[in-house]
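Take a moment with the sequence and the 3D view before reading on. We will walk from the surface to the inside and back out to the loops.

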Amino acid sequence: VKQLSEKAWIWSFLGMFLVWLATALYTGGHGSADVISAALSFATFTVIVGIGQMFVITTGPGNVDLSIPSTISLSGVVAMKIMEGSNALLAVGFVASMGCGLAVGIFNYLLIRVLRIPPIIATLSSSFLILSTAIAYGRGLKIKPPGLLADFTTAQVWGVPILAIATILFAIAMSVLLNRTLYGRSVLAIGQNMRAAWLAGINVERIRFFTYLLSALLAALCGFLLSGFSGG
């Protein structure tokens with residue numbers, strides 16, 4: 001118990017439990033299981049983009065990606081319009097969605113590195129451009145997602161969303177990436193002291209580039225899955 005109390009993240013779990021308990025007491029216990037199932041479904045999307053943002057912030061003070069919501073919108077719109085509800089075009093829609101993330105990640109880093117704009121301003125500025133593109137491209141868009149995508153994003157096993165299970169496994173994999181790989185250790189080193197990391201032989205700008213790219217790709221993945229979960 002003492003070791004757990006020293007972990008900062010344990011308090012968020014305790015807070016979550018107290019909120020759920022208060023909800024269960026207020027409703028007399030009715031639908032408390034449904035609340036957990038719904039929370040797991042919606043939290044999935046927050047976790048996916050939260051991990052990407054966490055990697056960016058870990059690279060040190062000033063690093064942040066404010067273009068995530070806009071990237072989610074653009075990714076979902078492009079995927080839906082390309083797939084047009086067809087299961088046969090599911091793979092094409094996914095590739096197009098990831099292509100949006102790739103383009104956004106590269107664009108964000110060019111603003112930061114080439115034009116030397118602070119990340120908070122660069123990504124906020126790009127978010128307006130990205131969101132404007134999504135609105136213009138998807139104006140009046142009313143397309144249902146492919147059946148396979150909708151089924152996958154809403155499927156459950158014993159009341160637990162499959163997407164939530166997959167996201168938990170994904171979070172574990174990303175934890176290993178951050179703490180047990182050369183790339184992850186480099187991200188941590190840069191966040192602790194960028195100059196010291198550079199003197200130690202780490203290619204700082206390449207790592208930062210891959211990190212902003214990772215954040216944009218995860219935002220695009222979130223947009224793709226969210227479009228299926230929300231019905232298009």
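Is Ile165 buried, partly exposed or exposed? This is a predicted model, and in it Ile165 has a relative accessibility of 37%. Buried would need under 20%, and exposed over 50%. Ile165 therefore counts as partly exposed. Now find it on the chain. Ile165 sits in helix H8, which covers residues 162-180.

The largest pocket has a volume of about 790 Å³. Its lining is made by 20 residues. Nearest its centre lie Phe13, Met16, Leu40, Ala43 and Val47. Helix H2 (10-26), helix H3 (32-58) and H8 are the elements that each give two or more residues to this lining.

Now turn to the cysteines. How many disulfides does a search of the whole structure find? It finds zero. Take Cys100 as a test case. The closest cysteine sulfur to its own is the one in Cys222, and the gap is 14 Å. A disulfide needs the two sulfur atoms within 2.5 Å. Cys100 and Cys222 are therefore too far apart for a bond. Seen from the other end, Cys222 is in no disulfide either, and its nearest cysteine sulfur is that of Cys100. Cys100 counts as buried because its relative accessibility is 11%. Cys222 counts as buried too, because its value is 2%.

Last, visit two loops. Most residues other than glycine have a negative phi. Where is Glu84 found? Look in the loop between helix H4 (68-83) and helix H5 (90-113). Glu84 has a relative accessible area of 59%, so it is exposed.

Arg116 also has a positive phi, near 55 degrees, and is a residue other than glycine. Its place is in the loop between H5 and helix H6 (119-138). At 65% relative accessibility, Arg116 counts as exposed.

How values were computed
Residues numbered from 1 in each chain as written. Predicted model: local features only at pLDDT ≥ 70, side-chain atom pairs only at ≥ 80, totals over all residues. Heavy atoms only, no water. Helix = DSSP H or I, 4+ residues; strand = E, 2+ residues; numbered from the N terminus. Buried < 20%, exposed > 50% of the residue type's maximum accessible area, 1.4 Å probe, protein only. 1 Å grid on protein atoms, 1.4 Å probe; cavity = no way out; pocket = protein on both sides within 12 Å on 5 of 7 lines; lining within 4 Å. Points joined across faces, edges and corners; volume = space filled by probe spheres on them.
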